[in-house]
Amino acid sequence: MSSLLRSRTTRRHLPHCLQESTEGLSPTCRETFFRKGQRNSSQLYIVLLVGNYLVKSLPERIFRKLPKSFSRCEIPACGHLNQLEYEARTGRTCKPPPQSSRRKNFEFEPLSTTALILEDRPSNLPAKSVEEALRHRQEYDEMVAEAKKREIKEAHKRKKIMKERFKQEENIASAMVIWINEILPNWEVMRSTRRVRELWWQGLPPSVRGKVWSLAVGNELNITPELYEIFLSRAKERWKSFSETNSENDVEGVSVADREASLELIKLDISRTFPSLYIFQKGGPYHDVLHSILGAYACYRPDVGYVQGMSFIAAVLILNLEEADAFIAFANLLNKPCQLAFFRVDHSMMLRYFATFEVFFEENLSKLFLHFKSYSLTPDIYLIDWIFTLYSKSLPLDLACRVWDVFCRDGEEFLFRTGLGILRLYEDILLQMDFIHIAQFLTKLPEDITSEKLFTCIAAIQMQNSTKKWTQVFASVMKDIKEGDKNNSPALKS
């Protein structure tokens, strides 16, 4: 109560002009001024005058429209006696500040801080000299010219990309006609011809990709859509039983804990499968389809079960095939010797693949091979992730699909040839790196990698060693592997 009385008393003792000059201030600032009533009121008045003057002199073009509480204030309309009292005490007359000499008419409206260099200084600061104004104009013109150059360069780049894209679409359209009308109706006869192989290398049209993959992978396991439905219903029953009770101790020789762990791993991996597409995550259009295929496969091959990385392979197949056809291709693809060795973690076979890879690595990229050897960087550090997901996790999706195209044509050999192509593409960069940086770089490849550059490097890789091809080298290499040598690779010791 006493503080409120002091505030009111203080305000009554302030000059009328001082009371008016505080009206534009916030309540907190005004109350602070009123509580300082012990000070000389004329000193407070001077402070407000200076504040009003500074606010008035702020560049209009920077602040544009000011809030009401900070609007431009004129000198308080004080009474004649109060003005004489102020002038007598300070020895100065109360004059309004001079008008700004800044430019009123612009040929353009500044769109960024770049144009502020052309602004005149506030009136309370020295004006620019002619030389300085000319220099600022020159600097501004240079900045505008540089911005135009960048814009023109980016426009040319976009135009080039669009031109290449249109050309690619035309090639795909013409190739699609050939595949549909000539190749697919005569598949067995034409699949191995030189013309088809060359057309295959250029990439399959998306409209026929799934069909060609299915034909190339085959169906040695004789899986039918009806068989898929049987294992899918079995998987759904187990999901339901596992969610309701954990009383069972063993189902078909596999512990409940192992199966639960496999189901949890499927659920976790699905959420991490092509997350940027938002189609396989929960609520996405292909979430249930991917979950069904992986669950059905875990029941179809309990000896293999679910292994991390399978979700990416199944997802790529789902994008190109119907659900049942995707499961058939998935099961047959994982039944290939290379995939089976990796997904069953057959150490002996995996070491053989790594050793064969190193033979061609040394043959094609001897300098990089010795660099890796100097750091004891073995192929398993980077190849395992590439092989497990068939490059679908490491490469952009469209590029990974083109790798799959030729993989379906050439088999497992092309997977390792692609690995050597990647190493060749980034050879100069990798030669400047140490162990840690090489491992990190190969684990997460640059996103701007293009199919043209990669396939040019892949084509330069010769998969022949002293007249021996991949299959011959693989058959003869590592014949003297002993049981004790299985854990030589650091990644396989676990």
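Student: What is the volume of the largest pocket?

Tutor: This is a predicted model, where local features need pLDDT of at least 70, side-chain atom pairs count only at pLDDT 80 or more, and totals for chains, interfaces and linings use all residues. Residues are numbered from 1 along each chain as its sequence is written, and side-chain values use heavy atoms, with hydrogens and water left out. A pocket is an open set of points on a 1 Å grid over the protein atoms alone, where a 1.4 Å probe fits, with protein on both sides within 12 Å along at least five of seven lines. With points joined across faces, edges and corners, and volume taken as the space filled by probe spheres set on them, the largest pocket comes to about 1,300 Å³.

Student: Which residues lie closest to the centre of the largest pocket?

Tutor: Lining residues have an atom within 4 Å of a point, and the largest pocket has 33 of them. Closest to its centre are Q168, D398, R402, S451 and E452.

Student: Which helix gives the most to the lining of the largest pocket?

Tutor: Helices are DSSP runs of H or I with at least four residues, numbered from the N terminus. At least two lining residues each come from helix 7 (130-183), helix 9 (194-201), helix 10 (206-217), helix 20 (397-410) and helix 24 (451-460). With 10 residues, the most is given by helix 7.

Student: How many charged residues are in the lining of the largest pocket?

Tutor: Asp, Glu, Lys and Arg count as charged; Ala, Val, Leu, Ile, Met, Phe, Trp, Tyr, Cys and Pro as nonpolar; the others, Gly among them, as polar. The lining of the largest pocket has 16 nonpolar and seven polar residues, and its charged residues number 10.

Student: Which helix supplies the largest share of the lining of the second largest pocket?

Tutor: The second largest pocket holds about 560 Å³ of space, and R272, F312, D385, T389 and K393 are nearest its centre among 20 lining residues. Two or more lining residues come from each of helix 14 and helix 19 (380-389). The largest share, four residues, is that of helix 19.

Student: How many nonpolar residues line the second largest pocket?

Tutor: Sorted by class, this lining includes six polar and four charged residues. Its nonpolar residues number 10.

Student: What is the volume of the largest cavity?

Tutor: A cavity is a set of grid points where the 1.4 Å probe fits but cannot get out. The count is one cavity of 30 Å³ or more. The space in the largest cavity is about 40 Å³.

Student: Which helix gives the largest share of the lining of the largest cavity?

Tutor: W213, V217, L317, A329, L333, W404, F407 and C408 form the lining. Helix 10, helix 15 and helix 20 each give two or more of these residues. By class the lining has eight nonpolar residues, no polar and no charged. The largest share, three residues, is from helix 20.

Student: How far apart are the closest N and O atoms of R121 and E132?

Tutor: A salt bridge needs a side-chain nitrogen of Lys or Arg within 4 Å of a carboxyl oxygen of Asp or Glu, and 11 are counted. In the one between R121 and E132, the closest N and O atoms are separated by 2.5 Å.

Student: Why does E132 count as buried?

Tutor: R121 is in the loop between helix 6 (80-90) and helix 7, while its partner E132 is in helix 7, 11 residues away. Buried means under 20% relative accessible area, exposed over 50%, and partly exposed in between (1.4 Å probe, protein chains only). R121, at 31%, is partly exposed. E132 counts as buried because its relative accessibility is 16%.

Student: Which residue forms a salt bridge with R195?

Tutor: The N to O distance in this pair is 2.9 Å, and the partner of R195 is E182. The pair links distant parts of the chain, 13 residues apart, with R195 in helix 9 and E182 in helix 7. R195 is partly exposed at 45%.

Student: Is R194 buried or exposed?

Tutor: R194 forms a salt bridge with E198, with closest N and O atoms 3.2 Å apart. Both residues lie in helix 9, four residues apart, about one turn of the helix. E198 is partly exposed at 44%. R194 has a relative accessible area of 67%, so R194 is exposed.
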